[in-house]
Amino acid sequence: MTGDPERILMEASRYLVGGVNSPVRAFYKPLPLVVARGEGPYIYDVAGRRLLDHVLGYGPLILGHRHPAVLERVRSTLENGWLYGALTIDEVRLAEKILHHIYPGGLIRFVNSGTEATMLAIRLARGFTGRDKIVKFEGCYHGAHDHVLVKAGSAASHLGVPTSKGVPQAVTGLTLVAKYNDPEGLEQVFREHGDDIAAVIVEPVIGNYGVIPPRKEFLQALTSLTREYGSILIFDEVITGFRLSLGGAQEYYGIRADLVTLGKIIGGGFPIGAVAGRREIMELLTPKGPVFNAGTFNGHPVSMAAGIATIETLEKEGLNRASRAARALEEVISDTLRRRVGDYTVNRVESMLQFYIGVDRVETPLDVARADKDAYLKIHEELSRNGVLIAPSQMEALFTSIVHGDAEIELFQEAFEKAVERVARD
Ligand code: PMP
């Protein structure tokens with residue numbers, strides 16, 4: 001698959017809204033990024049350019065591109081057919097594997113995206129508690145559905161206002177917005193609304209406002225307040241699940257949530273989402289209980305096969321290589337920025353990281369807002385000129401995979417030093 005990226009992008013704009021199918025894809029510069037294929041830690045565009053990939057499909061590809069174990073398992077699944085609308089063995093296998101690591105003794109439901117997973121977890125929490133309100137944190141992203149496309153309105157009321165046209169105030173009025181990493185703020189929300197709060201949904205590590213790790217006291221407040229008020233704690237582990245550790249952020253930080261939403265890695269690069277958690281909550285789901293969920297593609301055979309191959313590979317090989325590569329990137333980025341620019345911050349948790357220019361710490365989304373967005377974008381542009389792809393926004397994370405090795409770190413270092421030098425010069 002070869003072609004002229006400029007021409008394909010022009011053609012794309014004739015048929016696809018904004019020339020893409022998900023907004024961030026419109027912001028790759030200076031290339032219009034049109035991808036032909038991927039292999040290991042690299043992708044190749046239609047003009048034949050090779051790019052070292054630190055986007056990795058926005059998180060799912062922890063084994064890199066086209067991993068042989070996934071390819072083989074998906075191929076043999078496809079040989080048999082690909083959709084039946086009935087139970088298959090692989091659904092049972094993947095469920096068993098995920099629950100073993102993420103929620104022993106719990107139950108799981110597979111859906112098709114992280115968005116569907118958080119939508120369902122919120123519905124389950126409401127069904128279980130008989131309450132309507134939920135709490136989300138400014139700067140956390142939980143997908144593209146109405147209840148979570150919400151930002152803080154007036155701080156005093158905590159009532160959310162829509163972040164998208166077309167989302168009714170009647171829906172967002174049920175979402176209370178609190179500040180991430182602010183235990184006292186959360187306590188106040190609970191003091192005012194506690195008896196009406198069905199659930200608190202949170203990214204245990206923010207991965208959608210760059211990368212922001214949680215404070216210990218914040219994690220403690222999440223568990224103690226939800227317990228005290230009988231609310232459901234939903235850990236949105238769509239990014240952190242099988243990335244921070246095989247048991248996800250729950251295991252990594254030693255915190256138990258009531259429900260966990262998953263996606264990305266558990267489908268090995270194919271569409272997937274899942275809700276896992278406490279048996280008595282999960283058993284409210286149809287067909288056992290009165291909380292509705294259904295889906296033509298739920299538990300899709302190809303996603304199940306890719307998920308099993310991915311988790312089996314991680315069980316065998318561990319996550320160390322991905323984390324080690326990210327640690328090396330962190331060092332390269334820190335060393336370079338320390339020498340070339342004034343204030344900067346690099347935040348990393350295992351194999352997810354992000355850097356910020358012009359700020360000496362990033363502990364909340366407010367800190368990210370103060371960082372120099374344009375400098376980040378320029379570095380992104382220069383990097384892609386030098387054959388390295390990072391997310392085109394500091395609001396996303398950089399990822400590494402278990403196939404990012406020493407050669408890739410060297411390549412990154414060379415490109416990053418050049419990029420920062422160029423940007424510092426301008
Ligand atoms: N939750 C989190 C934490 C995410 O990062 C994302 C996607 N980036 C979602 C939910 C939504 O997942 P999807 O894009 O698969 O709908």
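Analyst: Let's begin with how elements are named: helices and strands are DSSP runs, numbered from the N terminus. Take T175, which sits in strand β8 (residues 175–178). Keep in mind that this is a predicted model.

User: Is T175 buried or exposed?

Analyst: Buried means under 20% relative accessible area. T175 is at 0%, so it counts as buried. Setting aside neighbours within four places in sequence, T175 contacts I134, K136, H147, V150, H158, L159 and G160.

User: Now zoom out for me. How many helices and strands does the protein have?

Analyst: There are 14 helices and 16 strands. For the overall dimensions, the C-alpha trace spans about 55 × 55 × 45 Å along its principal axes. A compact globule of 426 residues would have a radius of gyration near 22 Å, and the protein's 21 Å agrees with that. Buried residues account for 57% of the 426. The accessible surface is about 18600 Å², with 51% of it belonging to carbon and sulfur atoms.

User: What share of the contacts joins residues at least 24 apart in sequence?

Analyst: It's 70%, counted among contacts between residues at least 6 apart. P30 lies in the loop between α1 and β1 (35–39), and at 37% relative accessibility it counts as partly exposed. Beyond its neighbours within four places in sequence, P30 is in contact with E381, S384 and R385.

User: On to charges. How many salt bridges are there?

Analyst: The general idea is that side chains of opposite charge can pair when their charged atoms come close. The cut-off here is a Lys or Arg side-chain nitrogen within 4 Å of an Asp or Glu carboxyl oxygen. By this rule the count is 20. One of them joins R7 and E11, whose closest N and O atoms are 3.8 Å apart. These two are four residues apart in helix α1 (residues 5–15), which means about one helical turn separates them. R7 is partly exposed at 47%, and E11 is partly exposed too, at 32%.

User: What separates E187 and R191 along helix α6?

Analyst: About one helical turn, because E187 and R191 are four residues apart in helix α6 (residues 183–193). They form a salt bridge with closest N and O atoms 3.7 Å apart. E187 is partly exposed, with a relative accessible area of 37%, while R191 is exposed at 57%.

User: Which residue forms a salt bridge with E382?

Analyst: That's R422, with closest N and O atoms 3.7 Å apart. E382 lies in helix α13 (residues 373–385) and R422 in helix α14 (residues 406–425), so the pair ties together parts that are 40 residues apart in sequence. E382 is buried at 10%, whereas R422 counts as partly exposed at 38%. Salt bridges can also share partners, and here they join R215, R361 and E363 into one network.

User: What about R126, where is the nearest side chain of opposite charge?

Analyst: D132 is that side chain, and it is 5.0 Å away. R126 is buried but has no salt bridge. You'll find R126 in helix α4 (residues 114–129). The R126 side chain does have a polar contact of 3.0 Å with the side chain of H147. Not counting residues up to four places away in sequence, R126 touches R131, D132, I134, H147, L174 and A198.

User: Last topic: the backbone. Which residues does the cis peptide bond join?

Analyst: As background, most residues other than glycine have a negative phi, and most peptide bonds are trans. The cis bond joins T286 and P287, with omega about 10 degrees. P287 is in the loop between α9 (279–282) and α10 (301–317).

For phi, look at N181: it isn't a glycine, but its phi is positive, about 65 degrees. N181 lies in the loop between β8 and α6, and it is buried at 2%. F242 isn't a glycine either and has a positive phi of about 60 degrees. F242 lies in the loop between β10 (232–236) and α8 (248–253), and it is buried at 0%.

Technical notes: Residues are numbered from 1 along each chain as its sequence is written. This is a predicted model: local features need pLDDT of at least 70, side-chain atom pairs count only at pLDDT 80 or more; totals for chains, interfaces and linings use all residues. Side-chain values use heavy atoms; hydrogens and water are left out. Buried means under 20% relative accessible area, exposed over 50%, partly exposed in between (1.4 Å probe, protein chains only). Lys and Arg count as positive and Asp and Glu as negative; His and the chain ends are not counted. A polar contact is a pair of N or O atoms within 3.5 Å; within protein, one must be able to donate a hydrogen and the other to accept it, and residues adjacent in sequence count only if both atoms are side-chain atoms. Contact means heavy atoms within 4.5 Å. The radius of gyration is taken over C-alpha atoms; the globule rule is 2.2 Å times the number of residues to the power 0.38. Accessible areas come from the Shrake-Rupley method with a 1.4 Å probe; for residues, only the protein chains shown count as cover.
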